[in-house]
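Student: Could you walk me through how to read a few side-chain features in a model like this one? I'd like the general idea and then the case at hand.

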Amino acid sequence: MSQNSLFTDLLGIQGWRVKADGVRIEEDGVVVEIEPRRTGFRCACCGQGVLFAYDHQPTRQIRDFPAWGRRCYLEVRLARVDCPDCGVGIEEVDWVERYGRYTQRYEQYVASLCDILPVTDVAELEGLSKNAVYGIDKKWLKRREEQREQPPVRYLGIDEIAIKRGHRYATVFYDLERRTVVGLIKSRRERAVGGFFRRWGKKQCKSVVAVCMDLWSPFLNSVRRHCKDATVVFDKFHVYGYLSEAIEEVRRHQQGLCSGEDGKLIKGSRWLWLKASRNLKRKQSHTLEQIMAINKPLAKAYLLKEDFEAFYACGGKEEAEKFLTQWMKRCRESRLEPFIKLAKRLKRWSAGILSYFEHRITNGVAEGINNKIKVLKRRSYGFRDDEYFFLKILNACGALPSLESIIHPQN
């Protein structure tokens with residue numbers, strides 16, 4: 001085998017060969033001159049075959065895979081063809097886009113690096129600009145997203161995440177059974193949530209059996225409008241969150257009323273009230289007992305909060321409904337304004353809260369995915385492009401097909 005044939009085999013581009021003495025080493029890397037070894041051309045616009053070239057473009061260098069530890073550039077003169085339908089235009093080649101500066105396989109290589117490294121690190125490693133790497137990664141993420149299969153979702157979760165400072169939130173939709181992200185939108189407003197459901201399609205909406213969400217009217221209204229057959233389940237972790245807010249309001253109010261040592265003792269106990277009694281250390285339990293001995297409102301609030309632990313331990317919906325009714329009555333009788341408000345809220349949303357005992361679903365999966373999102377933001381020092389950020393989230397959560405599967409699809 002001649003040296004030229006060996007280089008052509010190493011090139012690995014069908015229909016193209018390395019010119020005789022076409023490999024040279026320059027300061028910037030290895031340059032490989034290539035030429036076609038086939039007859040006929042195709043129009044890049046419509047794909048129609050053309051027998052002869054109209055003329056050729058000036059010689060251009062296209063970045064390819066590294067070779068022998070150096071950057072590699074393919075030097076080529078692409079033909080222009082006179083297409084009967086499209087007029088004069090560039091020929092079609094399957095290894096580089098019409099005006100691309102990188103081969104398709106090199107872009108795929110860079111995109112695969114971006115799966116494991118931040119864009120800045122990939123740019124430094126490959127000697128590319130940050131914008132070039134960002135453009136390549138986003139392009140291939142979008143291609144993967146376009147080929148994403150979306151099987152029917154039985155249990156849908158809806159939650160919000162903070163994406164920027166200043167109370168900027170996005171809404172995330174989860175497949176609770178497969179523990180993955182279905183989609184994201186830049187807002188938590190009703191109109192935006194409804195827009196997601198319209199894009200998702202009527203068939204997908206009809207397949208949803210139950211939806212787990214926060215006690216947030218825009219979510220509820222959109223679900224009732226688009227997933228009419230689905231049962232609404234209010235997430236128990238959000239219910240516990242409202243309970244924690246109530247006891248914290250009582251603590252702050254009592255802290256303001258007390259002075260001296262009693263006020264200091266209450267001020268330093270913020271997190272103790274939010275812990276379950278079984279998780280308290282001996283010293284922490286003693287501190288709470290001291291405070292409850294001198295402050296009856298806080299003692300009432302803590303007992304109500306501890307008793308509520310038995311609600312989600314109920315065996316069925318009927319038992320839970322009786323428990324909730326009695327517990328809300330105790331809240332009203334406590335004369336603690338935050339707990340009276342909480343009782344009104346729970347009564348208003350009681351149907352969705354009690355639906356938990358029919359389907360037993362929560363948005364607990366969101367916690368793990370939110371941690372992945374935080375790591376992603378921290379690793380990349382934040383994102384300015386929301387669309388790119390959402391694509392990276394989908395990829396990090398395993399919602400996109402692998403890059404390998406779209407490069408070499410299984411027949």
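Tutor: Let's start with tryptophan 68, which is placed in the loop between strand E6 (60–67) and strand E7 (70–76). Helices (H or I, at least four residues) and strands (E, at least two) are DSSP runs, numbered from the N terminus. This is a predicted model, where local features need pLDDT of at least 70, side-chain atom pairs count only at pLDDT 80 or more, and totals for chains, interfaces and linings use all residues. Residues are numbered from 1 along each chain as its sequence is written, and side-chain values use heavy atoms, with hydrogens and water left out.

Student: Is tryptophan 68 buried or exposed?

Tutor: Buried means under 20% relative accessible area, exposed over 50%, and partly exposed in between (1.4 Å probe, protein chains only). Tryptophan 68 has a relative accessible area of 59%, so it is exposed.

Student: And where does serine 269 lie?

Tutor: Look in the loop between helix H9 (260–267) and helix H10 (282–294). Serine 269 has 1% relative accessibility, so it counts as buried. Contact means heavy atoms within 4.5 Å. Leaving aside neighbours within four places in sequence, serine 269 is in contact with Arg251 and Ile291.

Student: How many aromatic pairs are there?

Tutor: Rings of Phe, Tyr and Trp (its six-membered ring) pair if their centres lie within 6.5 Å; planes under 30 degrees apart count as stacked, over 60 as edge-to-face and the rest as tilted. That rule gives 25 aromatic pairs. One of them is tyrosine 102 with tyrosine 106, a tilted pair at 6.1 Å centre to centre with 35° between the planes. Both tyrosine 102 and tyrosine 106 are buried. Now try phenylalanine 173 and phenylalanine 197: their ring centres are 5.8 Å apart and their planes are at 75°, so this pair is edge-to-face.

Student: Which parts of the chain does that pair link?

Tutor: Distant ones: phenylalanine 173 is in strand E11 (residues 168–175) and phenylalanine 197 is in helix H5 (residues 190–200), 24 residues apart. Phenylalanine 173 and phenylalanine 197 are both buried.

Student: What sits over the ring of tyrosine 242?

Tutor: A charge sits over a ring if NZ of Lys or CZ of Arg is within 6 Å of the ring centre and within 35 degrees of the ring normal. Here, the charged end of arginine 345 sits over tyrosine 242, 4.0 Å from the ring centre. Likewise, arginine 143 has its charged end over the ring of tryptophan 140, 4.5 Å from the centre.
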